[in-house]
Amino acid sequence: MKKFFEDIKKDIKFKSAGPGKALTEDASKPAVAPSSSSSKHSRHAPSEGAQMAGAAALARIEQTQRPKVHTSKEAIRNQVKRELEAEAAALAEKENVVRAEVCPDFNTLSDLEKTALVGDSRYILFQESTVKDPACLSVSGVYFTCPLTGATLTKSQREVHIKEAILMRFEEDDIEASVMMVHTFTKDKEKVKAAVDIISKYVENICKNPSEEKYRKIKVSNKVFHEKVRPVEGSWEFLQALGFISVMLPVEGEEGEEEFLVLPEQSADDLELMKERRDRLQRGEPVRAQLDRQPQAFRPSPNAQRFELPPDFYNLTAEELKKEQQQRTELVEKNAMLRTKAMREREEQRERRKYSYTLLRIRLPDGNLLQATFYAWDRLHALFEFVRESLVDGWQPFELIAPGGQKLQESEEVTLVESYLVPAALLTFAWDAAVQADIAAAGGNISSLLKPELLEKIQTLS
């Protein structure tokens, strides 16, 4: 805590030093789960080749245990008035600490500087990867949901679990599973596109020339196939699902035999089915774990502005963060008089890019808090949509006010990091005054803000 106030003291000392002597003046201003809507055909039991492909693919993945995420359930208590008074007292105490330990001349600062020290999200009290007791964390970690199984996963479990889920699909639909493999297992989109284009060309040639045997044979050692198709995981399985089988055949003018993928002659119906499967391959999308916002309601609390985040929120390790902070402090002390406002704003943005996620809390009119995790690059619309879906009367217009009093605009195409809401922030919710006046005039009232499923799990913020 002492180190935290020392850092703020250095920053406010610089802010109160005046414009300085600038050498230069910079005038510059500062994931979807794949759908399976394709038409269905009568299915037969997986072929022997498909079963072997699925078994071989499954063998590449080791089974791992995944912990379940538990959410405690507590009864709702009527403590709004007392806890709001405690929160006000805590904020006043924080202002006194800032005045005494950080800036004795607190009363001489501008309103903006006072806000920065006491309430701005950039100075919220949180500890970067230094909290050792998990019980002290504002959130236990960052979690994701598998779109195929619905399982809740940690960051480290995502990739392995999704691979397992895809490979298990071979038992049900070898085409769907191989399409998912192609688009998910290989991260390089250009390589995936090249492989899909080549396979599509194979299918096109077969459908145009169904009686030509040469179009139904793929030499495995062929340069194009070997370099462009075979390296993309799932491409071999997709060809097998189409009906290609691996055989050793003699090569004219050469000794010995070579491996070929050979497709038996197809009927007209088989060719139409092959085209449909090719289209599924072309429409395929990567399977990505979706961020689980872990929505949580809290009772009114004096700790609403206190955030202690786990390492999952950072792009850097704890040691890297500590080193970066030390280097930045030394640089600020050395070049304080040489940094313009624009330069400082750009540096703040660079600092925020160290975070992949942000933890946001919204204080509601009844004092309760709504908390959720977002990507740092989520746009404001995602925040508004989440709040809207959490309310009983989400159809009513409302406002979200950021620290410092800035009203957020849902229509603006800006990210949370660009709105200075990273790595954590406390927002204020307010209903649209005009609409509320009309409701009151009609004799209506709002008995509850949050949906029952959130209130059933409401907790006390420690």
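Two strands are said to pair if DSSP finds at least two bridges between them. In this predicted model, β8 and β9 are paired in the antiparallel sense over seven bridges, and they form a hairpin with five residues between them, where Gly367 in the turn has a positive phi of about 95°. One of the places where the two strands face each other is at Arg361, which stands opposite Gln371 in β9.

Strands of a sheet pair through backbone hydrogen bonds, and they may do so either parallel or antiparallel. Here, β8 (residues 357–363) and β11 (residues 424–431) pair in the parallel sense over five bridges, with Leu360 standing opposite Ala425 in β11. By contrast, β7 and β9 run antiparallel and are joined by three bridges, and the bridge partner of Gln296 is Gln371 in β9.

How many residues of β9 are buried? Seven of its seven residues are buried, and the strand is mostly covered. Both of its faces are covered, with Leu369, Gln371, Thr373 and Tyr375 buried on one side and Leu370, Ala372 and Phe374 buried on the other.

**Strands β3, β4 and β5**

Another set of paired strands involves β5 (residues 257–262), which runs antiparallel to β3 (residues 217–219) and is joined to β3 by three bridges; in this pair, Ile218 has Leu261 of β5 as its bridge partner. Strand β4 (residues 245–250) also runs antiparallel to β5, joined by six bridges, and Val247 stands opposite Phe260 in β5. The strands β4 and β5 form a hairpin with six residues between them, in which Gly253 takes a positive phi near 85°.

| Helix pair | Axes come within | Crossing angle |
|---|---|---|
| α7 (residues 189–208) and α10 | 10 Å | roughly 165° |
| α9 (residues 235–242) and α10 | 11 Å | roughly 160° |

Angles over 145 degrees count as roughly antiparallel, and α7 and α10 are therefore roughly antiparallel to each other. The crossing angle of α9 with α10 likewise makes α9 roughly antiparallel to α10. In handedness, α7 passes α10 in a left-handed crossing, whereas the crossing of α9 and α10 is right-handed.

Which residues meet where α7 and α10 are in contact? On the α7 side they are Val196, Ile199, Ser200, Val203, Ile206 and Cys207, and on the α10 side they are Leu271, Met274, Lys275, Arg278, Leu281 and Gln282. By class, the residues of this contact divide into eight nonpolar, two polar and two charged. In the other pair, Phe238, Ala241 and Leu242 of α9 meet Met274, Arg277, Arg278 and Leu281 of α10, and the contact of α9 with α10 has five nonpolar, no polar and two charged residues.

Methods
Residues are numbered from 1 along each chain as its sequence is written. This is a predicted model: local features need pLDDT of at least 70, side-chain atom pairs count only at pLDDT 80 or more; totals for chains, interfaces and linings use all residues. Side-chain values use heavy atoms; hydrogens and water are left out. Helices (H or I, at least four residues) and strands (E, at least two) are DSSP runs, numbered from the N terminus. Axes are lines fitted to C-alpha atoms, for helices over the stretch in contact, and angles run from 0 to 180 degrees between N-to-C directions. Angles under 35 degrees count as roughly parallel, over 145 as roughly antiparallel, 65 to 115 as roughly perpendicular and the rest as oblique. A crossing is left-handed if the near helix is turned anticlockwise from the far one by less than a right angle, and right-handed if clockwise. Contact means heavy atoms within 4.5 Å. Ala, Val, Leu, Ile, Met, Phe, Trp, Tyr, Cys and Pro count as nonpolar, Asp, Glu, Lys and Arg as charged, and the others, Gly among them, as polar. Buried means under 20% relative accessible area, exposed over 50%, partly exposed in between (1.4 Å probe, protein chains only).
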